[in-house]
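Good morning, and thank you for coming. I would like to take you through one structure, from the whole chain down to a single residue.

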Amino acid sequence: MAKTSTRPRVNRAPLHRLRQPKTTTNRQASHRLSHVKNATDSAVRSWSSFLWGYLVSPIIGGALVDYYGGKRVMAYGVALWSLATFLSPWAAARSLWLFLSTRVLLGMAEGVALPSMNNMVLRWFPRTERSSAVGIAMAGFQLGNTIGLLLSPIIMSRAGIFGPFVIFGLFGFLWVLVWISAISGTPGENAQISAHELDYITRGQKLVKTQSGGERLRKVPPFSKLLSKWPTWALISANAMHSWGYFVILSWMPVYFKTIYHVNLREAAWFSALPWVMMAVLGYVAGVVSDRLIQNGTSITLTRKIMQTIGFVGPGVALLGLNAAKSPVIASAWLTIAVGLKSFGHSGFLVNLQEIAPQYAGVLHGMSNTAGTFAAILGTVGAGFFVDRMGSFRGFLILTSLLYFSSTLFWDIFATGERVDFDGTG
């Protein structure tokens, strides 16, 4: 389920270019910042359009996932974002606003991806294997970004600047055809699955109340009840902090390195690959470790708290290390660590959505994703205002670290791995 990357083109240059650091003062950094920001205006505008689109769809998409299932909603989502990608060159050739509209459509379509993924994992995997399954799925997301970034310059050199949009869009349509024909929505719909395997998968899912076709989520999801429970707010807070850190790193680290170290990350091959490969690998490792802990008797609640604590405290400490780094090589190492350790959160809050409300996992995921998108917009825009006022990135990195630590505390106090009664039946 790898997504086409929406980040701007990244050219490649060897890491050894980072080894000749130059120092800069805050005044010099502030003086040059406007020039650097002007060079990234189009990318930021594109990102903002994507995020506003992504803000709209998760709650509605999550409710659709709970009703129709992840297979169908994912197929429509991928088809729409493939169409948006394919039409991007045509839109860009006509007007900026038309192009930005395709980015909004891309964001809206991609908003259903994670709820659909979580729904499929909930249906297809027993509780003791879900962390590994989510780790594999999220590794696909990260590797998709990496492959797209590495292939885009090659495609552009042969097919022009719009080549990646056309090729990735066409591959998306092909993926939809394979997905529809090869994937079953539930284990019970798969004719090839054995009775033993079906029992193994569904044995741990008997806590989920089976609803009739006429009853099944035809009513509006109980938003007030969902928001009345502290575990819901723990999930919302965790998703918001995860998105804040992810998009701040994605959007502002190239500017940070350019301003502080005079290094262009957009020309560094390691930035387009290494941190995201590290995130994919460590996310899978975290999933395996998480499932092993549960299989060995550790409670689900404690396991989720351990994984999320690593996923927040690790990046928080790493950003402090990056802030104190005296050379771009050391700073890049801290940055890679921060991105990699964030993936432990996939075995924390991301799996926890399925556990506290399996019947509302989609809409709950959508609610937390919407909060995460607000946080992403606030973080990326807020970083710019902060730097404009303070003349330095370092204070904003310290603020982000403190937010990581406070979010860890909130999660460890209020999160649970047990099912929460949102229907008032227990």
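Let me begin with a crossing: H3 passes H7 in a left-handed manner, a crossing being left-handed if the near helix is turned anticlockwise from the far one by less than a right angle, and right-handed if clockwise. Before going further, please note that this is a predicted model, in which local features need pLDDT of at least 70, side-chain atom pairs count only at pLDDT 80 or more, and totals for chains, interfaces and linings use all residues. Residues are numbered from 1 along each chain as its sequence is written, and side-chain values use heavy atoms, with hydrogens and water left out.

The chain as a whole has 16 helices and zero strands; helices (H or I, at least four residues) and strands (E, at least two) are DSSP runs, numbered from the N terminus. Of its 426 residues, 54% count as buried, meaning under 20% relative accessible area, where exposed is over 50% and partly exposed lies in between (1.4 Å probe, protein chains only).

Now to the helix pairs. Two packed helices are described by the angle between their axes and the distance between the axes. Axes are lines fitted to C-alpha atoms, for helices over the stretch in contact, and angles run from 0 to 180 degrees between N-to-C directions.

Helix H3 (residues 70-92) packs with helix H7 (residues 163-182) at an angle of about 160 degrees, their axes 7 Å apart. H3 is therefore roughly antiparallel to H7; angles under 35 degrees count as roughly parallel, over 145 as roughly antiparallel, 65 to 115 as roughly perpendicular and the rest as oblique.

How do H10 and H15 pack? Helix H10 (residues 230-261) and helix H15 (residues 361-390) have axes 7 Å apart, at an angle of about 40 degrees. H10 is therefore oblique to H15, and their crossing is right-handed.

Finally, I turn to Leu 322, which lies in helix H12 (residues 300-324). Is Leu 322 buried or exposed? Because its relative accessibility is 0%, Leu 322 counts as buried. Leaving aside residues up to four places away in sequence, Leu 322 touches Met 253, Tyr 256, Tyr 261, Ala 331, Trp 334, Leu 335 and Leu 397, contact meaning heavy atoms within 4.5 Å. Leu 335 is 13 residues from Leu 322 in sequence, and 6.5 Å from Leu 322 in space, C-alpha to C-alpha.
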